[in-house]
Amino acid sequence: MIEIFDSIFKLSTRDTSYIFALTEQGHAEHIYYGKRIPDRDMSSLRLKNTIMLGTTVDYQADTAGYSLDTTLLEYSGIGKGDFRHSPMELIMPDGSFVTDFVYHRHEVTDGPFSCGESGLPYATGDAETLHLIFKDKKYEGVTLTLHYTVFEACNVIGRCVTLENGGRESLYIRKLMSFMFDMPTADYTMLTLDGGWAKEAHIHERAVSYGIQVNDSTTGGSSNRHNPAFLLKAPGADEERGEVFGFNLIYSGNHYSAVEKGNHDTLRIMSGINPHCFLWKLNAGESFCTPQAVMSYTDGGINAFAANMHDFVNRHVIRPTFRFSERPVVVNNWEATFFHFNRRKLLALARRAKGLGVEMFVLDDGWFGERNHDRAGLGDWVVNKKKLPGGLASLSKAIHRMGMKFGLWFEPECVNPDSNLYRAHPDWAIRVPGREPGFGRNQLVLDLTRKDVRDYIVESVSTVLNGAEIEYVKWDYNRHISDMYSSSLSNQGEFFHRYILGLYEVLRRIFVENHPTVLLESCSSGGNRFDLGMLCYSPQIWTSDDTDALERLDIQRGIYTFYPQSTVSAHVSMTPNQQTLRAAPLSTRFNVAMFGVLGYELDFGELTRDERRQIKEQIAFYKAHRSLLQYGRLARYFPRAGERESWQISRDGKAVAAIYNLSYHASPARDTLRILGAEDGKTYEVSSVKQYLRIGRFGSLVKHISPVAIKSDGAIMRFVDRNFSMVDGSEHYVSSGEALQSGISLAMQYSGTGYDPHLRILGDGGSTAYTVDELKNYEHTFEKGNGNG
Ligand code: DGJ
């Protein structure tokens, strides 16, 4: 809801209020962001600026006591007395950096904001938008519009700005943030998602301190180094309680966010396109729209914040065709074969996958051109007939005949110099004339700022999509941009942003306009471009090349803070893991991957028959709970910091929960399971999800319990290990919602003192999972209470 009274603008979502007012001088003064409040009189909330302070600069001679430096603002310029970090740096026609935008008018429109000509994606769906229009005092033709879009039900507010040059001369934009506002206090901890290849989105926290803290990317993409999302936690806030303010950007290019603690302990927050190498010429008559930033507040801790953001992404970011659509279980051949496959091998993998319940076969890298390794072929989107003699149409037909769908990998933004494409169009690759370019994975990036390059990508990918039955595309992109330069641009300061606009155009033309039902999974060496911009086109993203279950806990935990599980592609792979050489039980690999869009990325032929049987059970379990797992309310808590973690998803009286051993220490602490989504006054049945133990895990202990002498590395033991497994800790409880919220006691973990079928045999990286189902009309009696078994 948007209310406007007495120069006050009050934006309300279901649980939050965001309030600002116009000052007499025409600037927008920030007043409040937090829990929803009924107040209309703002005098108690407004920051008191009674008297001038030494060294502050008055706005004007006749405005004594009014300084932009001590006012909490909604946006700010340069050169009028506000010495904090500015969200906007323009070079005005007079050559100066000084601007002073003052209120001109406002307008409220139904629906979300979209900047038609900009080529940027914006959130869609039910919303209301306030447009606040300011004019520069000297160049009145230059207007700055702040757009506020209220997504009421999910407690999210979208922010972006438009700069219009209605004057007669050009100006330059060096920096134009999507939003800014100042808060009266700065006592927060900043949480960011940082990392690199195979270790994306690790959570890091640091106290906000004097000066500026920046979270940004300069790689040309949103990057695996620093995700654009970040949040601010008030003292005492944790997963379940406390004030949290969180921000994200609907953009896939270089991003920049900063928080600045000022000299009166106020806080300035901003986010937008990174000014790094950015210089945009705005000619007379042109306008520039920034990407949309989004923000949300809760006093219910990180889980409640994540719930807001998950709702927002599922309802307003994902394309309508895929909103709340159940995502298929895939098998991807990459880790099973890398580049070394042929039709026979692929069909054997597909047949096995189908037998276990997999729904989609995805053919990864290596199917085209001379792509037998990563040094050749990229750019030549024509099937390699030596590997696939019948071509893709015939392969896809064979897969469909088995009853599965077919998906295909592309990396259309890049080219190997050893390719027909490069030989024909060396000038299409990004490089600076007269300089040797840098290589990433033996490849160069194509210049998507050029129309001919974009047309080639659209045509070549579309030809493949039109030539075979393909229901899914994995769109990969495996390097950062260096040597940025385009012969099509007279101003290289526009390069990075125009590259991303070019990418969005290509994705729109191929997928939104021509193949709207093809499920797109984007990927960039894993999660190098896991952002809301890509999610506007691709409903799911390959989260990381790291498929190690324990590493995935770190990665997915970070991602879930801002992105819903329906977007998180997660595969069960071989053990020892190819990235870490760590061994993890099959149960844990599944218990982690099931909290996302499940897939398998391994050669089923290398598994034991018993493991294949377990996978069949896993897939059946996933399908039975798929809607809950992909779209239910996800929460996490840490029963023992650094040692145990629990993830759980609940909805409509049902939950699936898992508890993971992050590390195991002898004689371990007892575990309790809390179900955060359980409700008072209800009764639930809690059952462990069936999982199994390889007998080989007991090593030389086996000889102590076996009636005959067997060697732990002998043939008998190997046979037993391959053909039999033991049920791992079966538990069953009935519990009230109240008791579940506080925590029920789980079976003991194995401690080296003996074996009992009711023990949970966890060890390092072990985990157990549970289903929770509401029991209607259940009466609690003494007799009905039962324990494990
Ligand atoms: C990087 C991706 O993240 C992997 O999953 C795989 O598709 C390879 N590229 C293929 O080259």
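Which of the 13 residues around the ligand come nearest? They are Asp364, Asp365, Arg441, Asp476 and Asp545; a residue counts as near if one of its heavy atoms lies within 4 Å. This is a predicted model: local features need pLDDT of at least 70, side-chain atom pairs count only at pLDDT 80 or more, and totals for chains, interfaces and linings use all residues. Residues are numbered from 1 along each chain as its sequence is written, and side-chain values use heavy atoms, with hydrogens and water left out.

**Ligand**
- Arginine 441 places a polar side-chain atom 2.7 Å from an oxygen atom of the ligand.
- For lysine 474, a polar side-chain atom lies 2.8 Å from a ligand oxygen atom.
- Glycine 526 uses a backbone N or O atom, 3.2 Å from an oxygen atom of the ligand.
- The protein buries 97% of the 290 Å² that the ligand exposes when taken alone (Shrake-Rupley method, 1.4 Å probe).

**Nonpolar cores**
- The largest nonpolar core has 203 residues (buried Ala, Val, Leu, Ile, Met, Phe, Trp, Tyr and Cys joined through side-chain atoms within 4.5 Å; buried means under 20% relative accessible area, 1.4 Å probe, protein chains only).
- Leu232, Leu363 and Trp367 touch the most other members.
- Helix 7 (residues 495-514) gives the most to this core, eleven residues (helices are DSSP runs of H or I, at least four residues).
- Another core lies apart from it, with 16 residues, including Ile659 and Val686.

**Confidence**
- Mean pLDDT is 96, and 99% of residues reach 70 or more (pLDDT is the predictor's confidence in each residue, from 0 to 100).
- Residues 785-789 fall below 50.
- Where pLDDT is low, predicted coordinates should not be read in detail.

Definitions and conventions: Buried < 20%, exposed > 50% of the residue type's maximum accessible area, 1.4 Å probe, protein only. Helix = DSSP H or I, 4+ residues; strand = E, 2+ residues; numbered from the N terminus. Polar contact = N/O pair within 3.5 Å; in protein donor to acceptor, adjacent residues only side chain to side chain. Contact = heavy atoms within 4.5 Å.
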